[in-house]
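Hi there,

Here is the structure I promised to pass on. My notes on it follow below.

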Amino acid sequence: MSTGDLLSIEPQELQFPFELKKQISCSLQLSNKTDDYVAFKVKTTNPKKYCVRPNTGVVLPHSACDVIVTMQAQKELPPDMQCKDKFLLQSALASPGATAKDITPEMFNKESGNHVEESKLRVSYVPPPQPPSPVREGSEEGSSPRASVSDNGTVHTSDYTAPASRAFVERAHVEPEDNSSEVKALISKLMEEKKSAIQQNNKLQQELEFLRREGNKSHGGIPFLYIIVVGMIGILLGYFLKRT
């Protein structure tokens with residue numbers, strides 16, 4: 001805070017949460033703790049970039065006045081997020097009952113012998129505020145209550161997100177059961193396929209054994225028949241030899 005004989009200024013540095021292509025505003029509070037009317041005037045080194053409302057005015061005794069400084073939307077990021085712009089706030093005594101219409105440039109002319117106070121204000125850029133996370137870990141329902149501000153400035157909290165959070169928690173408990181049933185069905189299907197494969201393998205082995213036996217019979221049939229024929233011939237020859 002800058003404290004002069006006439007006005008106290010808060011803050012001493014104008015901080016703009018910089019965002020491209022967006023107008024950004026910040027405020028100054030001018031406090032008059034004297035018994036006199038105090039006139040003020042705000043100047044800047046870059047008048048095309050900023051809009052000051054009001055840029056001139058009168059602060060009543062023991063009262064305060066807010067000044068809104070708006071930076072026009074910027075198309076490019078500044079180098080290193082640095083700003084060299086400055087503001088100058090001049091304050092001077094005004095006649096009792098004076099209004100903004102009574103302010104003249106001559107009131108802030110030191111050469112005329114007027115008591116003029118001057119305060120220089122710097123400008124800086126700060127990162128824009130991050131949006132809050134929609135779900136906060138560690139809360140009872142998995143989500144923190146949302147706050148709202150009424151017209152009178154009272155802050156209220158709302159639990160309307162609780163049903164959705166509760167549904168999320170219920171799904172988290174249900175999904176493992178669904179996954180378990182799917183795994184059981186898959187295991188049962190694999191067991192059936194394994195059993196069927198074993199049966200097919202046994203059947204193939206039986207068929208292969210049958211074919212092997214048939215092959216042995218077919219290969220051994222000719223020698224056996226040959227022995228029978230030779231035996232029959234031998235018996236016949238013996239029979240005829242005995243008769244002769």
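A word on terms before the surface: patches are made of residues with over 30% relative accessible area and no salt bridge, like charges being joined within 9 Å and nonpolar side chains (Val, Leu, Ile, Met, Phe, Trp, Tyr) within 5 Å. A salt bridge here is a side-chain nitrogen of Lys or Arg within 4 Å of a carboxyl oxygen of Asp or Glu. Accessible areas come from the Shrake-Rupley method with a 1.4 Å probe, and for residues only the protein chains shown count as cover.

Please keep in mind that this is a predicted model, in which local features need pLDDT of at least 70 and side-chain atom pairs count only at pLDDT 80 or more, while totals for chains, interfaces and linings use all residues. Residues are numbered from 1 along each chain as its sequence is written, and side-chain values use heavy atoms, with hydrogens and water left out.

On the surface, Leu 20, Leu 77 and Met 81 make up a nonpolar patch with about 260 Å² of accessible area together. Met 81 sits in the loop between β8 (63-71) and β9 (86-94); strands are DSSP runs (E, at least two residues), numbered from the N terminus. Met 81 counts as partly exposed because its relative accessibility is 31%, where buried means under 20%, exposed over 50% and partly exposed in between (1.4 Å probe, protein chains only).

Now the backbone. Most residues other than glycine have a negative phi, and most peptide bonds are trans. The bond from Glu 10 to Pro 11 is cis, with omega near 0 degrees, and Pro 11 lies in the loop between β2 (8-10) and β3 (13-17). Arg 53 and Pro 54 are also joined by a cis peptide bond, with omega about -10 degrees; Pro 54 is in the loop between β6 (50-53) and β7 (56-59). Lys 21 has a positive phi, near 55 degrees, and is in the loop between β3 and β4 (24-32). His 62 has a phi near 55 degrees and is in the loop between β7 and β8.

Best wishes

Conventions:
Helices (H or I, at least four residues) and strands (E, at least two) are DSSP runs, numbered from the N terminus.
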